[in-house]
Amino acid sequence: MIRLTAITRTFHMGDQAVYALNNINLQIASGEYVSIMGPSGSGKSTLLNILGLLDKPDSGRYELDEKLVTDLSETEQAQIRRERIGFVFQSFHLVPRLTAAENIELPLTLSGMPSEQRQIRVEQALQAFELKQRAQHRPAELSGGQRQRVAIARATIMQPSVILADEPTGNLDHQIGAEVMSLLEDLHHRGTTLIVVTHDRELGARAHRQIGMRDGEILTDQANATG
Amino acid sequence: MRLVDTVQTSFKTVLSYRIRSLLIILAMALGVAAVVVLTALGDGARNYVINQFSSIGTNLLVVLPGRAETSGAFLGAVLGQTPRDLTLKDAQLIGRLPQVRRYAPLNVGEAELSAANRLRAVTVLGSNVHLIPIRHMVLAQGSFLAHGTENNAQIVLGAKIAREFFPRTQAIGQRVRLGDSRFLVSGVLMSQGETMGYNTDEIVIIPIGHAQVMFNTTSLFRILIEAKSHSEIEPAKQAILATVKQSHDGEEDITVITQDAILSTFNRILQALTLAVAGIAAISLIVAGILVMNVMLVAVSQRTAEIGLLKAIGASSVDIRRLFFTEAVLLSLAGAILGFLLGQFGSLMLRLTFPQLPAWPPVWASMAGITVALITGILASMLPASKAAKLDAVNALGKK
């Protein structure tokens with residue numbers, strides 16, 4: 001359960017204040033599949049960053065699972081990012097020095113889990129995302145689709161309640177993109193809240209709820225009849 | 001994040017940037033090695049000089065005629081007088097002092113030594129029976145002025161002289177001519193090589209009486225004195241000054257040098273030298289520290305996207321800071337250990353190359369080198385680590 005109340009985020013360009021988010025009120029129930037669409041500069045990525053606690057609003061309240069998170073300390077926010085939120089990025093953001101398995105393991109390592117338990121979880125994830133053959137390969141040796149699968153495996157390894165995906169298919173061709181989307185949708189089917197930012201209308205239309213943004217404001221918010 | 005994982009992750013990072021890591025470790029290692037080798041050299045030189053100086057005698061005092069005035073008017077100079085000579089009588093008076101174990105008057109000159117159709121100029125020491133023990137010389141064969149023979153025309157040859165003149169025959173008992181007098185070879189010195197720039201292998205020793213006749217003098221070059229014990233050195237010096245002053249009509253016109261004072265002066269000077277050299281070497285450690293800082297700062301900007309990602313997947317600022325900090329400490333530690341080993345190896349090479357130089361690196365220097373390396377490494381990593389920790393995740397992620 002996500003509840004945003006009067007969230008505002010401004011950036012300064014010279015002496016001019018630009019509203020990236022202007023008084024946003026939004027409620028997303030647990031297990032929803034939401035797409036956020038809009039032209040670039042509409043504030044959709046900023047909204048996603050605030051939802052993922054990577055960015056702080058200038059004002060407003062953000063409650064996650066009935067808990068006010070805006071006032072938490074940096075360390076507590078890091079813990080929430082670690083345990084409740086999974087990120088999937090357009091450019092994958094894998095650590096180039098680490099193998100696929102090590103990339104997937106990272107959030108577990110950060111959480112302080114002992115090594116033996118980590119190995120079991122990583123093994124399961126590699127199995128689930130069909131990456132067993134590529135486990136010891138570095139990102140540079142993987143195809144785009146495989147890289148995004150590693151990224152999704154990493155985002156889900158902590159079993160977060162919310163997955164935030166920022167243009168997850170932006171760097172992939174149509175077919176691979178569709179495969180990646182169905183992987184994410186599988187997660188949604190298993191109860192995870194899925195929030196996808198995209199400017200691809202076709203992709204956005206797959207979500208059960210579509211939010212349209214422009215100039216830092218929510219323009220449309222509609223449920224998909226077919227969803 | 002658990003400590004073991006932090007260290008392991010940092011270790012992997014160090015390994016994955018192989019060339020960068022090697023260069024930092026090398027810079028650090030050279031700094032530490034420089035400290036170790038240079039202090040080994042300095043301390044070796046100090047020990048060498050001290051050993052050399054100790055080997056010329058024990059509880060030694062040396063009396064020189066004349067006095068170096070640093071202030072005041074010297075009446076004798078106005079009247080055109082030279083300082084009074086040091087005489088055998090002075091030596092005998094000194095010999096009666098209770099603080100003195102034994103004394104050896106000394107005259108030095110050059111004369112031609114000839115025997116068995118050979119001829120060469122030699123340095124001649126004129127002294128008494130005590131010279132040999134006081135100066136820690138050792139007779140390989142024979143004796144010198146044994147009891148009751150103080151005025152006999154005896155001569156002791158240095159090892160090399162004996163070898164040159166009597167290569168095949170026994171030197172003892174041979175007659176030699178020194179200057180215009182004939183002497184009986186009564187002893188041969190053991191070869192001791194050079195000490196304090198003065199080679200006892202190429203000297204001859206004759207009784208002081210004969211030397212004074214040969215060089216036509218009544219004054220002494222030096223008087224060597226051995227005090228009864230270490231604690232008697234200073235009282236002996238005062239007693240000698242007082243005695244000679246009295247016999248020289250109240251004029252204090254001699255100089256007494258104690259081996260102890262010279263020894264401690266040398267010790268101080270060479271220790272200061274060692275410290276100075278170590279200090280100079282330590283500068284290279286600071287330079288290495290700054291290099292670590294530079295490289296880590298570059299690493300932070302190179303890995304900006306990675307830091308952003310780590311934050312996104314739940315790393316706190318503390319985790320990030322620790323990761324970078326650990327990385328720098330690992331690099332410094334590896335550098336310090338490698339440098340210590342290099343330094344030990346370098347010192348070993350020095351000792352093998354110059355066997356007479358005891359170039360052992362002092363323990364304090366090795367400890368200080370390693371400690372300074374670690375401290376500079378740690379200090380140098382603080383700025384980059386906190387810069388990494390403060391990176392804004394959103395901006396960091398935006399960078400490729």
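Which strands does helix α1 of chain A lie across? This helix, residues 44–51, lies across β1, β2 and β4 of chain A, and its direction makes an angle of about 125 degrees with β1(A). Please keep in mind that this is a predicted model.

- Four strands of chain A make up an open sheet, in the order β2-β1-β4-β5, with antiparallel pairing.
- At its edges are β2 (16–28) and β5 (67–68) of chain A, each of which pairs on one side only.
- Strand β1 of chain A, residues 2–13, is joined to β2(A) by nine bridges, and the two run antiparallel.
- Within this pair, A:M13 stands opposite A:Q16 in β2(A).

**A hairpin in chain B**
- β6(B) pairs with strand β7 (residues 181–189) of chain B in the antiparallel sense, over four bridges, and B:V176 stands opposite B:F183 in β7(B).
- Two residues lie between the strands of the hairpin of β6(B) and β7(B), where B:G179 takes a positive phi near 60 degrees.
- β6(B) is also joined by two bridges to strand β2 (residues 100–115) of chain B, again antiparallel; here B:S114 stands opposite B:R177.

**Nonpolar cores**
- The largest nonpolar core has 67 residues, and those with the most contacts inside it are A:I2, A:L4, A:L47, A:Y62, A:I195 and B:F324.
- Helix α9 of chain B, residues 259–302, supplies the largest share of this core, with eight residues.
- A second, separate core has 35 residues, including A:L108, A:L142, A:L172 and A:V180.
- For a look at A:I2, leave aside its neighbours within four places in sequence: its contacts then include A:L26, A:I28, A:L51, A:Y62, A:V162 and A:I195.

**Where the chains meet**
- Chain B has 26 residues in contact with 25 residues of chain A.
- The size of an interface is often given as the accessible area lost when the parts come together.
- For chain B and chain A, about 2,200 Å² is buried between them, 60% of it on carbon and sulfur atoms.
- Three salt bridges are found across the interface of chain B and chain A.
- A:R118 and B:D5 meet through their side chains in a salt bridge, at 2.8 Å from N to O.
- B:D5 is part of helix α1 (residues 3–16) of chain B, and it counts as buried because its relative accessibility is 3%, under the 20% cut-off.
- Not counting residues up to four places away in sequence, B:D5 touches A:T109, A:M113 and A:R118.
- Between the C-alpha atoms of B:D5 and B:R163, 158 residues apart along the chain, the separation is 74 Å.

**A loop residue in chain A**
- A:T99 has its place in the loop between β6 (85–88) and α3 (100–111) of chain A.
- Is A:T99 buried or exposed? Its relative accessibility is 8%, so A:T99 counts as buried.
- Beyond its neighbours within four places in sequence, A:T99 is in contact with A:A135, A:Q136, A:H137 and A:R138.

Methods. Residues are numbered from 1 along each chain as its sequence is written. Chains are lettered from A and ligands numbered from 1 in the order in which they are written. This is a predicted model: local features need pLDDT of at least 70, side-chain atom pairs count only at pLDDT 80 or more; totals for chains, interfaces and linings use all residues. Side-chain values use heavy atoms; hydrogens and water are left out. Two strands pair if DSSP finds at least two bridges between them. Contact means heavy atoms within 4.5 Å. Axes are lines fitted to C-alpha atoms, for helices over the stretch in contact, and angles run from 0 to 180 degrees between N-to-C directions. A nonpolar core is a set of buried Ala, Val, Leu, Ile, Met, Phe, Trp, Tyr and Cys residues joined through side-chain atoms within 4.5 Å. Buried means under 20% relative accessible area, exposed over 50%, partly exposed in between (1.4 Å probe, protein chains only). Buried area is the accessible area (1.4 Å probe) that two parts lose on being put together, summed over both. A salt bridge is a side-chain nitrogen of Lys or Arg within 4 Å of a carboxyl oxygen of Asp or Glu.
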